[in-house]
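Below is a walk through a structure, starting from the place where two of its chains meet. Please keep the sequence and the 3D view at hand while reading.

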Amino acid sequence: MAAPGQDAKFFQRGKIEEFRAELHAAETKDKKFVKRKTVLKKIVANITMGNDMSPLFTDVVQCLGTPLLEIKKMVYLFLVSYGRSKPDQIHLVIPNFLQDCNDRNPLIRALAIRTMSYIPIPVVTDALNENLRHCLKDADPYVRKTAAICVAKLYAADPRRAEKGGFVEQLRDLMLDSNATVVANAVAALSEIGDRQDGVIFKLNLATANKLLAALPESSEWGQIYILDSLLRYVPEKHADAEVMAERIIVQLQHANSAVVLTTIKALLYLMNYMENRRLIDYICKKMGPPLVTLLSSGPEVQYVALRNILLIIQRRPTVLKNDVKVFFCKYNDPIYVKLAKLEIMYRLARAENANEVLAELQEYASEVDIDFVRKAVRSVGRLAIKVEDASDACIQALLNLIETKVSYVVQEAVIVIKDIFRRYPGKYEGVIPTLCQHLDALDEPEAKAAMVWILGQFADRIDNADELLDDLLYTFLDESVEVQLALLTAAVKLFIYKSKSDKAKELVYKVLKWATEDVDNPDLRDRGFMYWRLLAINPTVAGEIVLAEKPAITTDSDRMDRGALDQLLLHTGTLGSIYHKNPETFIRNATGKALKDSPALNAHSRAVLVPVARTQLPPTVVNVPGPGPSESHERNETAPPPVPDLPAPTTSKPTPPTPPLSSENASGDATDDGSDDEGDADEEPRGRANADPYSNLDGAFGNYLADEPRPMGGRQGDDEDLLF
Amino acid sequence: MISAFFIFNQKGEVLISRLYRTDFKRSIADVFRIQVVSNSDVRSPIITLGSTSFFHVRINSLYVVAVTKNNANAALVFEFCYRFINICKSYFGKIDEESIKNNFVLIYELIDEINDFGYPQNSEIDTLKTYITTESIVSSAIAAEESSKITAQATGATSWRRTDVKYKKNEAFVDVVETVNLSMSAKGTVLRADVDGHIQMRAYLSGTPECKFGLNDKLVIDKSQQGVSDAVELDDCRFHQCVRLNDFDATRTISFIPPDGEFELMRYRSTSNVKLPLRVIPTVTEIGTTQVSYAVTVKANFNNKLSATDVVLRIPTPLNTTAVDCQVALGKAKYVPGENVVVWKLPRLQGGQECTLTATADLTSTTTRQVWARPPIDVDFQVLMFTASGLIVRFLKVFEKSDYQSVKWVRYLTKASGSYQIRF
């Protein structure tokens with residue numbers, strides 16, 4: 001082990017003048033350059049702390065003459081930090097750079113071009129261009145692999161110039177280099193260039209893809225990731241091409257690095273779209289399961305990435321983890337983000353055979369401490385009842401036990417899901433209504449209150465004191481949220497239809513209709529009030545038929561995301577997009593979307609549901625984030641452009657998401673859905689696309705309960721915030 | 001890819017700051033400090049604000065942070081952070097604020113080397129140590145030939161090993177370490193029991209040794225096709241970069257040229273026939289609202305020649321506990337009010353041995369009648385020369401062209417820490 005450093009003492013704020021003086025003093029009598037090294041370390045420490053050291057530019061640059069590698073590296077670090085802001089002084093170091101570019105030592109040559117390319121200003125790039133061209137053909141692979149990344153840097157700074165310089169062609173040649181590390185870096189650089197909206201298109205043909213695969217076993221783990229990732233740029237023309245390629249990469253599932261595993265899975269999922277051989281597809285699905293589960297013994301951060309991806313993968317390929325629900329049971333000390341992600345997977349994997357085990361777990365979680373987790377567990381119990389008919393009795397009993405705890409948020413969640421259970425199994429569980437009514441006072445959240453009001457109205461004929469209960473609730477009508485007001489309005493109308501003889505019901509409905517049409521500003525509520533009023537006035541019998549019309553039973557069909565949307569999202573396996581279950585172009589500025597490319601080999605169903613890349617350009621609005629933080633202060637950056645005035649707000653802030661799938665009154669299909677999950681990856685049977693928005697079911701499984709759903713912050717209303725620093 | 005890399009201490013001060021791309025200024029660090037360090041309720045290791053995403057890993061009250069501005073590969077970013085942590089541990093023996101501050105210049109060198117423009121590069125510790133050292137090197141003094149050797153290794157097919165390794169005595173130590181995960185219901189049924197195994201190797205072998213490694217394993221791809229054999233069923237295994245995956249896929253042999261020194265050769269997972277070393281039988285009764293009585297028995301379920309060491313049971317008590325009176329026949333038991341648990345420590349428990357804790361917790365009366373959540377009892381322990389999965393190392397063969405003799409040692413350890421949980 002290297003001798004422990006003793007540099008902590010340099011972590012002190014210092015003054016420019018002092019450092020300058022110390023550097024000058026070090027020019028004489030500096031045995032073994034200890035003095036210079038010390039001052040430079042102090043300067044680097046101050047850069048770290050955020051102190052502007054750029055006034056020392058000329059002084060620090062003087063140290064480049066010192067023949068000590070450590071000093072050279074510190075000066076280079078200084079140049080990387082401040083070089084860009086000193087275009088008029090940077091010429092001082094160009095001769096040093098050029099000398100290093102031609103050093104006999106390959107490490108020095110690489111260091112020189114790496115550092116120069118970090119300073120993307122014309123003076124430096126001009127000097128770099130010619131040297132980089134040589135370095136791309138250097139005899140030493142370390143220099144070539146460094147040069148490959150330098151091209152990506154040049155391209156980022158000035159795409160057109162890099163193209164004119166012929167660097168992209170040189171990169172392309174490097175993909176055929178004899179050294180695997182060089183190949184991998186060339187691929188990484190080309191991918192970066194290809195991902196730019198203004199970049200050269202980077203596609204792979206079969207021959208090149210095969211050459212890259214040949215480099216795979218000799219690549220470093222990171223190199224393997226770059227190469228595997230690039231396979232998505234290859235579009236198989238024949239089923240066999242996709243199949244052979246999948247067989248070649250499948251061994252990478254056994255790699256220790258989770259990113260290699262996930263990227264391999266991404267490539268496999270992609271290639272499966274172009275395959276025909278059912279048995280091979282099944283085999284691959286079976287092979288993917290265990291490595292995905294093994295990711296759960298990595299650090300919690302990687303577990304989280306894996307879980308969010310598993311959630312997507314099992315929707316598209318349910319056979320992958322069909323029998324593994326137990327491994328997703330939460331450990332008491334799992335971090336909360338891991339627990340929440342596991343819960344969703346448990347629900348997805350629940351079937352008649354394992355429903356009891358899952359339910360027992362959910363009940364256990366319902367007594368834990370974290371409120372979000374408990375709520376979601378309670379919801380899941382209700383969702384389980386709806387999904388698995390055999391388990392519904394046990395789930396209802398579990399919910400009633402939970403209500404007995406009288407913990408406010410538990411009761412509220414239970415009421416919300418029980419409402420849906422009533423709709424799923426009409427006539428079966430209404431016996432529990434009296435128990436619910438006892439807890440009316442505990443409900444203070446709009447969603448729970450609205451659910452309870454719905455139950456009161458819907459079953460007003462079976463609840464003896466429905467009129468009294470409703471009357472109580474109406475006291476606060478004008479202060480309620482719109483959600484509750486709408487529910488109260490409908491409930492009062494239902495009550496009146498059931499009990500049209502009752503004076504109390506008459507009085508209530510009149511009162512509510514009057515409020516809704518005269519005292520309330522919300523147009524929806526007012527319109528609905530008028531509508532009911534007229535219905536009742538014209539023909540109360542017909543009104544009854546309309547208001548109490550038989551409702552289609554609820555199903556869990558809408559739980560699963562649309563197949564085309566899944567195919568598209570899975571192209572982003574392992575990336576941020578897969579964490580948020582969003583296509584990157586919808587939340588990251590300048591991100592390019594991806595879509596499956598058509599080819600004769602593309603599976604017919606995949607083609608039928610193909611979602612083209614959405615051309616969403618995030619508007620260039622800018623929001624400054626409040627800063628700086630408590631313990632550090634620094635100069636505000638003056639070069640930041642002034643905030644662009646907000647774009648005119650979109651007419652409707654965002655198309656209201658289609659009514660939450662679960663409660664939508666027009667849910668179609670019948671109530672049996674248990675088997676449907678398992679057929680999900682049958683590629684042959686295209687189902688009609690019912691929904692215009694393929695992403696509408698994205699959050700389906702938990703209704704509109706999304707409090708814990710990971711999502712990017714800002715940018716939710718379409719005007720993306722960006723951090724300007 | 002990664003645009004910026006930071007290390008923060010617990011107070012949110014920046015200890016290391018490296019911008020790989022020009023799309024951020026250093027002040028982006030302030031945003032992280034506000035959003036994560038000074039936020040008491042951070043519920044995700046990834047935070048995305050606008051197009052900017054912060055990935056963080058916490059270790060010893062440090063934050064290792066990567067910032068990106070594109071649709072970054074999240075697994076890669078975290079693996080990179082983990083690797084950085086491992087490199088620091090290997091270089092400095094530990095990673096904490098002190099070691100980071102003491103070596104910050106070296107760390108800058110390292111992160112310039114292991115990441116270029118946000119793309120992780122060769123990060124094999126053995127190779128890094130050949131050219132990134134704490135000693136001062138006079139730049140002209142490193143011979144170009146010496147450097148060529150280094151660069152060839154850093155970019156070569158066995159980037160994890162130097163070619164000039166020499167030992168007087170050639171030895172290899174293999175440690176099979178199994179972590180048992182158990183979740184047992186209050187009724188005593190096993191909800192889940194599985195084993196996460198690591199095979200850790202310390203190879204002190206000269207030259208370029210070719211190793212072959214054999215286990216009594218059988219990889220089960222399809223659980224329905226169970227065969228009859230005494231082989232241990234592994235659900236899955238993952239290997240160090242050095243293992244030839246194609247060989248493994250074709251013939252199930254684990255062949256590799258090991259890195260010099262310590263590394264994790266493989267990881268595996270087993271869920272069938274897991275032998276649970278300790279059996280815990282809790283009886284916990286709430287007596288009215290003022291007392292809880294405990295009788296917790298722990299039994300060592302293995303050969304009496306072996307013994308479990310460092311056994312620690314953490315038995316939860318209600319939040320309104322005022323005092324606990326504990327009696328144990330073996331070890332020491334103590335109520336820890338800060339954590340609401342009784343900690344029962346048994347330095348040693350012989351195979352077949354059984355002992356019981358009895359205790360009574362006194363509760364204060366509370367106004368809110370909140371139900372006690374009853375977190376599970378957690379047991380930590382270690383059992384040497386025992387594998388819960390039944391895995392055995394069959395052989396480790398070393399071939400080297402100089403044909404030296406090598407000594408191999410195998411050790412087995414089964415342990416639990418924070419993952420062996422019994423509900424009651």
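About 10800 Å² is buried between chain B and chain A, and carbon and sulfur atoms give 54% of that area; buried area here is the accessible area (1.4 Å probe) that two parts lose on being put together, summed over both. The size of an interface is often given as the accessible area lost when the parts come together. This is a predicted model, in which local features need pLDDT of at least 70 and side-chain atom pairs count only at pLDDT 80 or more, while totals for chains, interfaces and linings use all residues. Residues are numbered from 1 along each chain as its sequence is written, chains are lettered from A and ligands numbered from 1 in the order in which they are written, and side-chain values use heavy atoms, with hydrogens and water left out.

In the interface, 117 residues of chain B are in contact with 129 residues of chain A, contact meaning heavy atoms within 4.5 Å. The rule finds twelve salt bridges across the interface of chain B and chain A (a side-chain nitrogen of Lys or Arg within 4 Å of a carboxyl oxygen of Asp or Glu). Arg423(B) forms a salt bridge with Glu364(A), and their closest N and O atoms are 3.8 Å apart. On the side of chain B that touches chain A, helix H2 (residues 74–92) of chain B supplies the largest share, eleven residues. Helices (H or I, at least four residues) and strands (E, at least two) are DSSP runs, numbered from the N terminus.

Now to chain B as a whole. Chain B has seven helices and 26 strands, and its C-alpha trace spans about 80 × 55 × 40 Å along the principal axes. Of the 424 residues in chain B, 60% are buried, where buried means under 20% relative accessible area, exposed over 50% and partly exposed in between (1.4 Å probe, protein chains only). Among the contacts in chain B with a separation of 6 or more, 68% are between residues 24 or more positions apart.

One residue of chain A can be followed in detail. Pro120(A) is found in the loop between helix H6 (106–117) and helix H7 (122–135) of chain A. Is Pro120(A) buried, partly exposed or exposed? Pro120(A) counts as partly exposed because its relative accessibility is 27%. Leaving aside residues up to four places away in sequence, Pro120(A) touches Arg84(A), Ala157(A) and Thr22(B). Pro120(A) and Glu413(A) are 293 residues apart in sequence, and their C-alpha atoms are 56 Å apart in space.
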